[in-house]
Amino acid sequence: MRGGGLWQMRQLITRRLAQVDKKIIHHRCFASESDLKKTALYDFHVDNGGKMVPFAGWSMPIQYKDSIMESTLNCRDNGSLFDVSHMCGLSLKGKDCIPFLEKLVIADVAGLAPGAGTLTVFTNEKGGAIDDSVITKVTNDHIYLVVNAGCRDKDLAHIEEHLKAFTSKGADVSWQIHDERSLLALQGPLAAPVLQHLTKEDLSKMYFSDFRVVDINGALCFLTRTGYTGEDGFEISIPSENAVDLAKAILEKSEGKVRLTGLGARDSLRLEAGLCLYGNDMEQHITPVEAGLTWAIGKRRRAEGGFLGAQVILKQIADGPQIRRVGLLSTGPPARGHSEIQDAMGQNIGEITSGGFSPCLKKNIAMGYVKSGFHKAGTKVKIVIRGKTHDGSITKMPFVATKYYKPS
């Protein structure tokens with residue numbers, strides 16, 4: 001067993017589960033089990049020992065028979081299969097779909113090559129983040145995107161409101177919500193070798209953020225080389241009637257090395273990769289610049305603007321933001337969301353938004369926001385946890401090096 005004795009491991013797992021429960025409380029739907037939505041793989045999860053919890057109105061596995069620590073390490077060493085069908089996939093189609101979407105997001109959608117994608121942010125009039133999303137230009141008249149489960153209702157209402165106004169002037173844009181499809185995320189070093197057994201598509205020619213429509217295990221899938229772990233991997237949108245068969249085939253082809261993995265390890269993995277969780281690390285009052293996502297604003301978009309909140313965001317790019325998202329290392333117990341960050345003199349300079357014990361690094365990691373000027377790597381800080389201060393320091397992210405598959 002890695003990471004110490006049995007008692008210490010149990011303590012770490014207990015704290016980690018408590019932390020994950022706190023993190024997902026923003027998205028939980030406090031309803032009876034019968035009111036929760038179930039993905040096409042629900043029975044498959046239960047049959048494989050999935051511990052089901054309410055999440056964004058869905059019944060989702062937080063872990064399986066493996067501990068969260070074991071699952072996190074196995075994803076880094078071998079691979080993980082996640083059911084992320086609670087997330088909302090949709091398509092925008094029509095000759096005006098790109099100019100329409102560019103009014104709502106910061107990405108240079110027009111500049112993407114067909115079959116290429118990017119992370120982007122939906123913004124409001126004040127420049128705040130409504131949600132983050134991975135978008136793909138399938139063709140010049142078809143955009144595919146995935147939005148967060150906890151933001152689905154507000155995102156769809158936001159898109160619909162602007163779509164009505166846009167099309168009322170004769171623009172050609174329509175949309176389709178892909179509730180008929182499930183979404184699986186296959187992540188880790190074995191993701192490509194295992195998936196290659198199930199498709200004729202040459203995956204070695206498919207790089208990070210690339211998109212293809214391909215046959216996988218006999219079903220027509222939307223395949224994107226992306227993920228939420230920092231590892232190489234894929235998100236596979238598949239007709240729901242084929243989802244269980246694909247999950248079984250992936251596990252079989254991996255000979256037990258790729259394991260079913262739940263929300264607990266997914267959170268550990270994304271934190272180690274320095275990736276934001278909407279509702280914790282990004283909110284409607286946080287801009288992409290403050291969140292460290294200025295790189296996602298294309299050069300043309302910086303010059304032209306034209307998206308909601310552009311005036312605020314472009315001014316922050318020019319003048320610098322007042323707060324910045326940073327990574328932190330700390331002593332003592334793992335930092336929790338809303339823990340206060342202080343300077344060396346004990347003055348408040350910010351707050352933690354996500355934190356926990358890193359299974360891979362065997363140390364406490366966190367991210368949060370601090371006042372500009374305190375954001376440089378190496379800056380010493382104090383973190384207040386349960387009324388006690390503990391030493392910490394600002395550090396660069398990701399905490400664990402990413403392994404995205406890119407051209408050499």
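Predicted model: local features only at pLDDT ≥ 70, side-chain atom pairs only at ≥ 80, totals over all residues.

Which residues does the UniProt annotation "domain: GCVT N-terminal" cover? I looked it up: the entry, which is unreviewed, gives residues 41-299.

Entry 1: I checked what residues 41-299 are made of, and got 25% helix and 31% strand. The C-alpha atoms at the ends of that stretch sit 42 Å apart. UniProt also lists "domain: Aminomethyltransferase C-terminal" for residues 324-400, again from an unreviewed entry. Here I found 0% helix and 57% strand, with the end C-alpha atoms 20 Å apart.

**Entry 2: a hairpin.** Next I went to β1 (residues 51-55) and β2 (residues 58-63), which pair in the antiparallel sense over 5 bridges. I noted that P54 stands opposite S59 in β2. The hairpin has 2 residues between its strands, and A56 takes a positive phi near 55 degrees.

**Entry 3: an open sheet.** In what order do the 6 strands of the open sheet come? I traced β10-β11-β12-β9-β3-β13, with mixed pairing. The edges are β10 (211-216) and β13 (258-260), each pairing on one side only. From one strand to the next, the twist averages 25 degrees.

I then zoomed in on β3 (residues 79-83), which runs parallel to β13 and is joined to it by 3 bridges. In this pair, G79 stands opposite V258 of β13. Helix α3 (residues 68-77) packs on the sheet, where it touches β3, β9 (181-187) and β13. The direction of α3 makes about 115 degrees with that of β3.

**Entry 4: nonpolar cores.** Which residues have the most contacts inside the largest nonpolar core? My list reads L81, I216, L223, F234, I236 and I250, in a core of 29 residues. Elements giving two or more residues to this core include β9, β10, β11 (219-224) and β12 (233-239). Helix α7 (243-253) brings the largest share, 6 residues.

Leaving aside neighbours within four places in sequence, I216 is in contact with L195, L198, T199, C221, L223, I236 and L246. Apart from this core lies another one, of 23 residues, among them C88, L101, F122 and F166.

Technical notes: Residues numbered from 1 in each chain as written. Heavy atoms only, no water. Pairing = 2+ DSSP bridges. Helix = DSSP H or I, 4+ residues; strand = E, 2+ residues; numbered from the N terminus. UniProt positions renumbered as here; feature names shortened; annotations may be inferred. Axes fitted to C-alpha atoms, helices over the stretch in contact; angles between N-to-C directions. Contact = heavy atoms within 4.5 Å. Core = buried A, V, L, I, M, F, W, Y, C linked by side-chain atoms within 4.5 Å. Buried < 20%, exposed > 50% of the residue type's maximum accessible area, 1.4 Å probe, protein only.
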